[in-house]
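Subject: Handover of a structure

Dear colleague,

Please find below the structure that I am handing over to you. My notes on it follow directly after.

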Amino acid sequence: MNAPINVVISGSGLFTPEQSISNDELVKAFNAYVERYNQAHAAEIEAGTLEPLQPSSSEFIVKASGIHSRYVIDKQGILDPEVMAPQLPERADDELSILAEMGVKAARQALERAGRSAGEVDLVIVACSNLQRAYPAIAIEIQQALGCQGFGYDMNVACSSATFGIGAAADAIRSGSASRALVINPEICSGHLEFRDRDCHFIFGDVATAVLLEPEEQSRSASAFRVLGTHFKTRFSNNIRNNFGFLNRTAPQSRDARDKLFRQEGRKVFKELLPLVTNTIGEHLDQSGLQASDFKRFWLHQANLTMNMFAAKKLLGREPSAAEVPIVLDRYANTSSAGSIIAFHLHSDDLSSGDRGLLSSFGAGYSVGSVLLQKI
Ligand code: CO8
């Protein structure tokens with residue numbers, strides 16, 4: 001019998017859009033929209049038949065989420081009170097699609113860091129929250145753009161897409177169905193965010209991340225992380241939901257209704273998801289014969305600062321240090337599946353051989369992913 005294959009993450013990549021929006025800029029645009037809306041509906045508001053919209057505030061955003069700014073693909077459209085959405089012109093079928101373009105940039109960096117060429121990759125997984133079209137798969141478009149071999153497919157487990165994608169890629173390499181895999185997470189969260197809704201207008205940002213996985217014995221990377229194990233959990237919930245889909249045209253009366261964009265019950269999510277996250281990670285540690293204290297770093301999903309600190313404290317049984325739980329949501333906001341990978345990409349080079357780190361995602365579904373890593 002062959003010895004089991006150890007799989008490593010041998011490179012990671014990050015594409016950050018050039019434009020960024022501060023809380024103050026976002027709130028100014030939102031409040032201008034609110035003022036216009038309330039003026040336009042003054043008679044109904046006066047008559048008590050319509051509730052006036054309430055303004056947003058930067059102080060609330062920082063206090064409730066820890067977010068100070070977010071990167072976006074199109075700042076102008078989002079900040080125009082008449083538009084309040086990114087404006088991304090459609091591209092012709094023979095042009096590289098925008099999601100593929102971002103993914104290619106992140107993937108190239110992951111390949112470069114791993115010292116590999118695209119032609120040596122034979123599996124491309126695009127794992128993200130919202131794909132810009134039904135088919136052909138963005139992964140297959142990226143496979144062609146990069147010049148990868150083998151096959152590719154898209155998958156969506158919302159914020160947990162990246163960790164589930166890493167699990168699928170590691171399994172494929174171990175089973176022999178692939179020899180080297182790219183897992184790519186292009187997230188244009190601004191495209192499915194309602195910037196007119198003060199409960200969530202501040203939550204998301206745009207980005208793309210990528211990781212390369214390959215057998216440890218083939219790795220050329222000076223900074224590779226062995227995948228010690230993966231563990232996943234899902235439990236159905238409507239508390240984070242987006243009803244956009246190809247059947248919307250079959251019910252034209254509600255085609256553009258609010259439920260066709262992201263919406264959530266933030267408080268309920270907070271309360272229900274946290275125990276699921278800490279229990280799932282706890283289970284994984286137990287199965288692996290390890291404890292939270294055996295881990296130097298926790299690259300957690302980047303949705304909410306309080307949530308991350310609470311989860312880390314629960315796992316460690318003490319206050320975590322800033323170095324143990326790197327935070328990127330302050331300037332990237334919630335980038336869905338990419339968040340924990342950004343944290344990994346920016347905060348893993350300083351670890352030493354033998355150090356362990358835990359990558360975890362949590363989000364819609366509900367879905368939780370836990371990936372235990374060790375620097376080789
Ligand atoms: N400015 C001022 N006041 C506000 C604002 C605002 N912008 N927004 C709300 N308020 C008010 C509310 O109306 C409320 O007032 P009242 O008490 O009078 O009712 C008060 O402030 C408190 O509101 P909340 O209870 O909503 O505030 P929270 O402290 O709960 O904070 C958060 C809101 C930040 C949303 C918080 O609940 C949170 O982060 N929850 C966890 C969310 C989470 O982790 N979600 C994961 C989802 S991500 C995911 O899975 C990806 C899905 C796919 C990606 C989609 C991309 C678009």
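Val8 stands opposite Arg226 in strand 8. Strand 8 (residues 225–234) is joined to strand 1 by 2 bridges, and the two run antiparallel; strands are DSSP runs of E of at least two residues, helices are runs of H or I of at least four, and both are numbered from the N terminus. Two strands are said to pair if DSSP finds at least two bridges between them. Strand 1 also pairs with strand 7 (residues 206–215), in the antiparallel sense and over 8 bridges. There, Leu14 has Thr209 of strand 7 as its bridge partner. In strand 1 (residues 7–15), 9 of the 9 residues are buried, so this strand is largely enclosed by the rest of the structure. Buried means under 20% relative accessible area, exposed over 50%, and partly exposed in between, with a 1.4 Å probe and protein chains only.

Please note that this is a predicted model, in which local features need pLDDT of at least 70 and side-chain atom pairs count only at pLDDT 80 or more, while totals for chains, interfaces and linings use all residues. Residues are numbered from 1 along each chain as its sequence is written, and side-chain values use heavy atoms, with hydrogens and water left out.

Polar contacts (pairs of N or O atoms within 3.5 Å) include one of 2.8 Å between a nitrogen atom of the ligand and a backbone N or O atom of Arg198. A polar backbone atom of Gly266 lies 3.2 Å from a nitrogen atom of the ligand.

The whole structure holds 10 aromatic pairs (rings of Phe, Tyr and Trp, the last by its six-membered ring, with centres within 6.5 Å; planes under 30 degrees apart are stacked, over 60 edge-to-face, the rest tilted). One of them, Phe164 with Phe232, is tilted, at 4.4 Å centre to centre and 45° between the planes. Phe164 belongs to helix 7 (residues 161–175) and Phe232 to strand 8, so the pair ties together parts that are 68 residues apart in sequence. Phe164 is buried, at 15% relative accessible area, whereas Phe232 is partly exposed, at 27%.

Yours sincerely

Conventions: A polar contact is a pair of N or O atoms within 3.5 Å; within protein, one must be able to donate a hydrogen and the other to accept it, and residues adjacent in sequence count only if both atoms are side-chain atoms.
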